[in-house]
Amino acid sequence: MDLDATSAFTPAGLALRGQPAHRVVRTLRDAAYMLLKDWPSDDGEEYVTAVKACVDAISGEITPQQFWDAFLRAADEAGIAALTVVQR
């Protein structure tokens, strides 16, 4: 799996509480970094599912889109607003 693949899922901007700027997640690498370094809470059920899905996507066991769905559910659980980024 290419951690920097940009065509695997639609990029999204995420607004983390308490941070002045939003983060744009474009790649599996971006998402993994955010889950492990910037996530506001690491004890939610959807968070744990997203981390496992990230590992599974990296190893090719699930599709990047399956991971992305889990990632967005974890963002919702954590109260992180996610907006789809439209590229032109």
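1. Lys52 is exposed in this predicted model, with a relative accessible area of 52%. The cut-off for exposed is over 50%, so a value of 52% falls in that class. Lys52 forms a salt bridge with Asp56, and the closest N and O atoms of the pair are 2.8 Å apart. Both residues lie in helix α2, 4 residues apart, which is about one turn of the helix. Is Asp56 buried or exposed? Asp56 is buried, its relative accessible area being 12%. The bridge between Lys52 and Asp56 therefore has an exposed residue at one end and a buried residue at the other.

2. The protein chain has 3 helices and 3 strands. Read from the N terminus, the order of the elements is β-β-α-α-α-β. Of the 88 residues in the protein chain, 34% are buried.

3. How many salt bridges does a search of the whole structure find? The search finds 3. One of them is the pair of Lys52 and Asp56 described above. Another joins Asp38 to Arg23, with 2.0 Å between the closest N and O atoms. This pair links distant parts of the chain: Asp38 belongs to helix α1 (residues 28-38), Arg23 belongs to strand β2 (residues 23-25), and 15 residues separate them. Asp38 has a relative accessible area of 21% and is partly exposed. Arg23 is also partly exposed, at 25% relative accessibility. Buried means under 20%, so the 21% of Asp38 does not count as buried.

4. Arg73 and Glu46 form a salt bridge as well, their closest N and O atoms being 3.4 Å apart. Arg73 is in helix α3 and Glu46 is in helix α2 (residues 45-58), so this bridge ties together parts that are 27 residues apart in sequence. Arg73 is partly exposed, with a relative accessible area of 40%. For Glu46 the relative accessible area is 24%, and this residue is partly exposed too.

5. Leu72 gives a further view of the relation between these helices. Its place is in helix α3, and at 31% relative accessibility Leu72 counts as partly exposed. Leu72 and Glu46 are 26 residues apart in sequence, while their C-alpha atoms are 9.1 Å apart in space. Glu46 is the residue that forms the salt bridge with Arg73.

6. Which residues gather in a patch of negative charge on the surface? They are Asp42, Asp43, Glu45, Asp76 and Glu77. Glu77 lies in helix α3, which covers residues 64-77. At 37% relative accessibility, Glu77 counts as partly exposed.

7. Asp43, another member of the negative patch, is in the loop between α1 and α2. Its relative accessible area is 63%, and Asp43 is exposed. The side chain of Asp43 makes a polar contact with the side chain of Ser41, at 2.5 Å. Asp43 and Ala78 are 35 residues apart along the chain, and their C-alpha atoms are separated by 9.8 Å.

8. Where does Glu61 lie? Glu61 is in the loop between α2 and α3. Glu61 is exposed, with a relative accessible area of 62%. Its side chain makes a polar contact with the side chain of Ser59, at 3.3 Å.

9. The last point concerns a strand. Gly13 lies in strand β1, which covers residues 12-15. Gly13 is buried, with a relative accessible area of 9%; the cut-off for buried is under 20%, so Gly13 falls in that class. Gly13 and Leu83 are 70 residues apart in sequence, yet the distance between their C-alpha atoms is 5.1 Å.

Conventions. Residues are numbered from 1 along each chain as its sequence is written. This is a predicted model: local features need pLDDT of at least 70, side-chain atom pairs count only at pLDDT 80 or more; totals for chains, interfaces and linings use all residues. Side-chain values use heavy atoms; hydrogens and water are left out. Patches are made of residues with over 30% relative accessible area and no salt bridge: like charges are joined within 9 Å, nonpolar side chains (Val, Leu, Ile, Met, Phe, Trp, Tyr) within 5 Å. Accessible areas come from the Shrake-Rupley method with a 1.4 Å probe; for residues, only the protein chains shown count as cover. A salt bridge is a side-chain nitrogen of Lys or Arg within 4 Å of a carboxyl oxygen of Asp or Glu. Lys and Arg count as positive and Asp and Glu as negative; His and the chain ends are not counted. The place of a charge is taken as NZ of Lys, CZ of Arg, CG of Asp or CD of Glu. Helices (H or I, at least four residues) and strands (E, at least two) are DSSP runs, numbered from the N terminus. Buried means under 20% relative accessible area, exposed over 50%, partly exposed in between (1.4 Å probe, protein chains only). A polar contact is a pair of N or O atoms within 3.5 Å; within protein, one must be able to donate a hydrogen and the other to accept it, and residues adjacent in sequence count only if both atoms are side-chain atoms.
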